[in-house]
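Student: Could we go through how the pieces of this model pack together? I have the sequence and the coordinates open.

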Amino acid sequence: MKVSNVPFKGTAEQETELRKRIAEHKGEKGSLMPIMQAAQEIYGYLPYQVQKIISDETGIPMEKIYGVATFYAQFSMSPKGQYEVSVCLGTACYVKGAGEVLEEVKKELGIDDGECTPDGKFSLDTCRCVGACGLAPVMIVGGDVYGKITPDQVADILKKYA
């Protein structure tokens, strides 16, 4: 199991809320999805520690919980950073160099797709299309859209948010 490089900072209040939500669904057929959705709503992601609570409370094996968490795109194993960075890998962006832009973002931040920097400042996720094909390739940082970018522009863009 891949563990996030960001230390888990769950609170007692979050754990209490999670246990309450688990109790509401415990024993119901098909309860795992709503429990995991509630957990992600509470914590923002599904770290090992949260999956362990779900397993302990429901008796569902960790392997099954992990399998569901990694199968469905709605679940995240890493927290989201203060600034969410997204590189569009849709056809227009990819053809115009988004793959190289993504590699530069990974290098600059020292993280891979789906991860968060250890300081919690940035998280990185790719996407398939942001609907700005005329601006390809496109990168979004904290909701700000940057179009027609090249790998050599990545460092300067990210410095604006550091």
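**Helix pair and sheet**

Tutor: Gladly! In this predicted model, helix α1 contributes Q14, E15, E17, L18, R21, I22 and H25 to a contact with P34, I35, A38, A39, E41, I42 and Y43 of α2.

Student: How do the residues of that contact of α1 with α2 divide into nonpolar, polar and charged?

Tutor: Residues on the α1 side include L18 and I22, while I35 and I42 are among those in α2. Counting the contact by class gives 8 nonpolar, 2 polar and 4 charged.

Student: Is α1 roughly parallel or antiparallel to α2?

Tutor: Helix α1 (residues 12-25) packs against α2 (residues 32-43) with the axes 10 Å apart and at an angle of about 165°. Angles over 145 degrees count as roughly antiparallel. The α1 direction relative to α2 is therefore roughly antiparallel.

Student: Which strands stand at the edges of the sheet?

Tutor: The sheet is open, with 4 strands in the order β2-β1-β3-β4 and mixed pairing. Each edge strand has a single partner, so one of its sides is left without a neighbour in the sheet. The edge strands are β2 (122-127) and β4 (144-146).

Student: Which helix packs on the sheet?

Tutor: Going from one strand to the next, the twist averages 20°. The helix touches β1 (83-88), β2 and β3, and its direction makes about 155° with that of β1. This helix, residues 98-109, is α6.

Conventions: Residues are numbered from 1 along each chain as its sequence is written. This is a predicted model: local features need pLDDT of at least 70, side-chain atom pairs count only at pLDDT 80 or more; totals for chains, interfaces and linings use all residues. Side-chain values use heavy atoms; hydrogens and water are left out. Two strands pair if DSSP finds at least two bridges between them. Helices (H or I, at least four residues) and strands (E, at least two) are DSSP runs, numbered from the N terminus. Axes are lines fitted to C-alpha atoms, for helices over the stretch in contact, and angles run from 0 to 180 degrees between N-to-C directions. Contact means heavy atoms within 4.5 Å. Angles under 35 degrees count as roughly parallel, over 145 as roughly antiparallel, 65 to 115 as roughly perpendicular and the rest as oblique. Ala, Val, Leu, Ile, Met, Phe, Trp, Tyr, Cys and Pro count as nonpolar, Asp, Glu, Lys and Arg as charged, and the others, Gly among them, as polar.
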